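Q: Please take a close look at one strand and what surrounds it. I would like the answer in one connected piece.

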Amino acid sequence: MRRAIELSRNCKSEPGKTSPYVGAVVVKDGKVLEEGYRGEQAAGDHAEFTVLESKLGKEIVAGCTVYTTLEPCTTRGHPKIPCAHRLLERKVKRVVVGMLDPNPSIHGKGWQLLRDHNVETEMFPSDLAAEIEDLNRHFRREIERRVQAREIDESFIDRYRARPLDDWYRSLNWIYAHRNFDKPPVAVLAHLVEVIGGVSMLASGKKKPKVDPQEFIAKSIAWWFALCARFRVKSVEDLLWIKFPAVCPYCQKSECDAVQCKQLKKATPIPDWEQLRAIGAKGHARRPKSLGEWQRMFRTIYKPTHKPEFESTFARLTEEIGELAEAVRVFPAAPNYFISEAADVFAWIMNIQSNLDAQNESKEGFALETAFCRVYPDYCRDCRNRRCSCAPILESSIGRLAHESPVEPGLFQGTDLYAVEPPTVLKIVD
């Protein structure tokens, strides 16, 4: 334990960060196998990674004891493996910890994970623990400052309410870059469909614990952002303005004439893109910026014509989601089709929010901006990091799905569908 503390004093923070002082010593049968500290070989490398992988990668460490001055982490940015999981993989018998990680997203979780897997856990004695906590006082203060900064108050919402749509687009895709980096477009589309399913409870009247349709409208927009990012859309504001330059793309009026528009679409189902481009260029100064402004623009173009119960609105949104799925599928052959269908889906999400505002008698755009600030406050609400380090699938989601789904052993261990022999063809006898 004393040696681990001495090693930890060698740590240096990465540029622009306040990192913890962490030292680790691996002992087996009373002998020190290896020792190391955070950042010893490369900036940011955790102490456990350094000793278990970099130094003891080919050694058998099963049954050993690891002394570490800081609780092993449980989350790392993809593709890094959390230290607590490394300890389990290497079949470590006992872990002695100097202090729990003050980060709320880790605090106590590494300790509990080891205990849940029958790893013996102990803490350093109080005098050594106090020395470690004193050594890491700046790290503890930084964590506390970061946590306090993440409190979402009314001043934060007021400050970000007018944030341009493209700023939100860039911010969210930066925060969740690691989570979505290797997801194919169809996987992102599937998640968009999933969260729109949460919004659909407005129409079905179904209630679910911890599911707020208002939050799911914000999440729908976020996953729409993610889908646009997968196709390398530079500006979602440009994408929307191409088809909706403050006018209906078919009748080209600032307030759509539903009867005339229906006739025009029947005669010419394709918008006059050149004319829309000219309208957009001429009226560029009127282009919306914030989420609320975009919502109000769509409400001006399309007056409420749908039932307040949302059924017909969701019927149209479902149709548009189907067309967006087709646009995703044929993107390599017809990329411009995505522009039109993505814009339509966004427009119908705005329509749902406007109907909800009318139902609640609230100011149009206000509720959406508030919800978006609360759900996406410039950091991940699950891991509370500026750049998300969550697992690809959250444990909370797995727990909920496992509770709702039956357990059927062997159900998914059949033969590949394409390797199955075709069924016997029965001959019809006269």
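This is a predicted model: local features need pLDDT of at least 70, side-chain atom pairs count only at pLDDT 80 or more; totals for chains, interfaces and linings use all residues.

**Strand S3**

A: Thr65 has Arg94 of S4 as its bridge partner. Thr65 belongs to strand S3, which covers residues 65–70. The pairing of S3 with S4 is parallel and consists of 5 bridges.

S3 also pairs with strand S1, residues 23–28. Here the sense is antiparallel, and there are 4 bridges.

How buried is S3? A residue counts as buried when its relative accessible area is under 20%. In S3, 6 of the 6 residues are buried, so the strand is largely enclosed by the rest of the structure. In a regular strand, side chains alternate between the two faces of the sheet.

Now follow the chain onward from S3. Together with helix H3 and S4, S3 makes a β-α-β unit, and this unit is right-handed. Helix H3 covers residues 83–89, strand S4 covers residues 94–99, and Lys91 lies in the loop between them. Lys91 has a positive phi, about 60°, although it is not a glycine. With a relative accessible area of 57%, Lys91 is exposed, because the cut-off for that word is over 50%. The residues of S3, by contrast, are buried.

Technical notes:
Residues are numbered from 1 along each chain as its sequence is written. Side-chain values use heavy atoms; hydrogens and water are left out. Helices (H or I, at least four residues) and strands (E, at least two) are DSSP runs, numbered from the N terminus. Buried means under 20% relative accessible area, exposed over 50%, partly exposed in between (1.4 Å probe, protein chains only). Two strands pair if DSSP finds at least two bridges between them. A crossover is right-handed if, with the strands pointing away from the viewer, the path from the first strand over the helix to the second runs clockwise.
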